[in-house]
Amino acid sequence: MSNQVTLTINNQAITVPAGSTIMEAAQKLGVTVPHFCWHPGLSIAGVCRFCMVRVEGMPKLQIACNTPASEGMKVDTVSEDVKDAHKWALEFHLINHPLDCPICDQAGECELQNYYMKVGKYQSQMEDDKVLKPKALDVGDTLVLDTERCILCSRCVRFEDEVTKTSTLGIFNRGDQATIGTYKDKKIKHNYSYNLADICPVGAFTAKDFRFKCRVWFLKETSTVCPGCSTGCNVSLFQNRNQREYYRLKPKHNPDVNGYWMCDTGRTMYEHLNASARIASPLLSGEQVSFPAALHALGDAVQSVSAEKIAVVFTAQYTNEEYTSVLHALKKMTGGLPKVFVWRDESEKEEDFDGILMRGDRNPNTRGMNDVFKTEGVKSVLLKADYSALASSGAELTLIFGPEVESAYPNMQAALSRLVEMKKTVFFGNGMQEPVNKMWLRMPVKVFAEKSGTFVNFNGIAQKLKANAPVFPAVKCVSEYFSQLSETTQSKA
Amino acid sequence: MAYVNVSRDPERNFKNGYLATSLVGMGTTLVTFAKQVFGLEESATVQWPEVEYQYSERFKGAHFLTKRPDGRVRCTACFLCATNCPAQCITIVAGESSDKGVEKFPVRFEIDILRCVFCGYCEEACPVDAIRMGPEYSMAGLAEQKWVYTKDHLLERDAVKRKLGEKQVSKKDENTKHETVESSLPGIHADHSHSGH
């Protein structure tokens, strides 16, 4: 027996591995079968009875998610009786669903809404009152649960059982009284809780972080890479372009990197992008100056010392292109390579891994940075708890490329007060930490959402960032600053 | 080459001329004037602003926000009016209500009335009858006046109160949760006295 089977869906032939379901075959073919409880990252439950398809030779409609595909099977997903089945399944799902779309954060990306517009659109024939259930329940630090909106698809229960293995959720009672809920005295407490709000096809789980902040239809998404740790999860970043305000991140499927999920720490990666969390202008010896003036001062400072008197302190939060461009520019301007240091947080446990996605190395581009150092012939010195190597380097100019994600550097304040003791310090970053203002020059830089470039994750997978319009148009990324400097100066090399 | 002689209007004669038509018009004016002086006919002119013209109840003038029976704002901050507004003149900031039954309410609700085109789409989009175009039509003002109508202004407007009174309270079904429904978010209170609106 071969391990491939060929079936036809809507008269289109498709070959899938034996044991695949009709749903998987349909997905592979690009045919959408409406579904609620089926999720590609979870086990099959077959409880929503919504993915009905007609299989030739079978007396009744079958659910696509739990029917194995077999050789020569003929599946129909568009016939009238299938459409009718969808309509009636939807009617059943909506019997006790409250009509609170106006106050529901899921409205706009709700599968129930979408399918209603697609296959429903009818007057309900239900005459009895809707069953009332608890609403706006506090089920943890990150989520709000509305049990009335739940359609009992059990995706969240399976996520808790299979992905995080925390099993805090269950379906209680029976029939129309069945409600989703946490076990007694239990709260959802793990670093993957926002995934529950994502996989919930309706608005039963909504994120506290996003609660009532913005309607989803105002948001535009950009596919980029999470800068939260060295895993480099693929994410969609949501921005309200009229307000130039970032609101949230959601995971994007990538089987090689993050599968379907991302962690809660990664979800906070929009906070440092918004204008309120950032500095907008350069600060030269405590005075606000224009960007050209700051760049001019920087260019003079770099050219007035020899290459070995320059110390460069990198953090692994910049793109490959930025490291290369900074090193090239310095080489051109000073005729040699500077002393390179790598700043890591004291508390960082690089080898840690939580077993799902998040890694102890909270820098997105450690591997990429080391790759660049290798090709450029740079030998770096690690600055972790011990800064003596930098202090004894005799550097007259110290260029510090500070971390973009400051939450990854909990001891940043202490580290900065050590770094500021150097002779002439230039800080690149958006930090509002107090020692930064004591630096000779402070330059704001673009954040990951505003630049294109490459991050290489822990596994060696290079991934591209995608640039959005910047929040502060005058602010550039370090590669732009340095290429501008090197263009305007005479080469010494 | 063919041509049309336009040198003389075929309709032109003494009857259609300037003098005759002016006199006929003046005659009409004088007759109407005389009728109104002797009280034979009522004047169509309204002595505004001493006398206000009464438009029909369906007149769509300046916006106002309707109220719940207990006087609080009806709006649930669903953003449908702001979404539908072609002039993008509505700004809403939603917040968590401390009232258990309401859940979401507008912390800020502002209409930039200078951008508004009075199309009425906001009123049409509203699922809870919270925003309506009211009977107020005289909105002239000075440049330094605040032209962004705030939530308080939209709720407590003298012209609306005077003309609508009780009608500012929406008669549509209350979109509040049933009393028996349990909620447990911090900051939500069961009784309305902590409503904080």
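Biologist: In chain A, what share of the contacts with a separation of 6 or more is accounted for by residues 24 or more positions apart?

Modeller: This is a predicted model, in which chain A has 12 helices and 23 strands. Among contacts in chain A with a separation of 6 or more, the share that joins residues 24 or more positions apart is 68%.

Biologist: Why do the buried residues of α12(A) lie on the same side of the helix?

Modeller: Helix α12 of chain A, residues 478–488, has A:V478, A:S479, A:Y481, A:F482, A:L485 and A:S486 buried. They lie on the same side of α12(A) because the arc they cover around the axis is only 160 degrees.

Biologist: Which exposed residues does the face of α12(A) turned away from its buried side carry?

Modeller: The buried residues of α12(A) are covered by elements of chain A including α7, α8, β19, β20 and β21. On the face turned away from that buried side, the exposed residues are A:E487 and A:T488.

Biologist: Which strand gives the most to the side of chain B that touches chain A?

Modeller: The contact draws 12 residues from chain A and 21 residues from chain B. On the side of chain B, these divide into nine nonpolar, seven polar and five charged. The most, three residues, comes from residues 90–96 of chain B, strand β2.

How values were computed. Residues numbered from 1 in each chain as written. Chains lettered and ligands numbered in written order. Predicted model: local features only at pLDDT ≥ 70, side-chain atom pairs only at ≥ 80, totals over all residues. Contact = placed C-beta atoms within 7 Å. Helix = DSSP H or I, 4+ residues; strand = E, 2+ residues; numbered from the N terminus. Nonpolar A, V, L, I, M, F, W, Y, C, P; charged D, E, K, R; others polar. Buried ≥ 20, exposed ≤ 12 C-beta atoms within 10 Å, placed from the backbone. Arc of directions from axis to C-beta.
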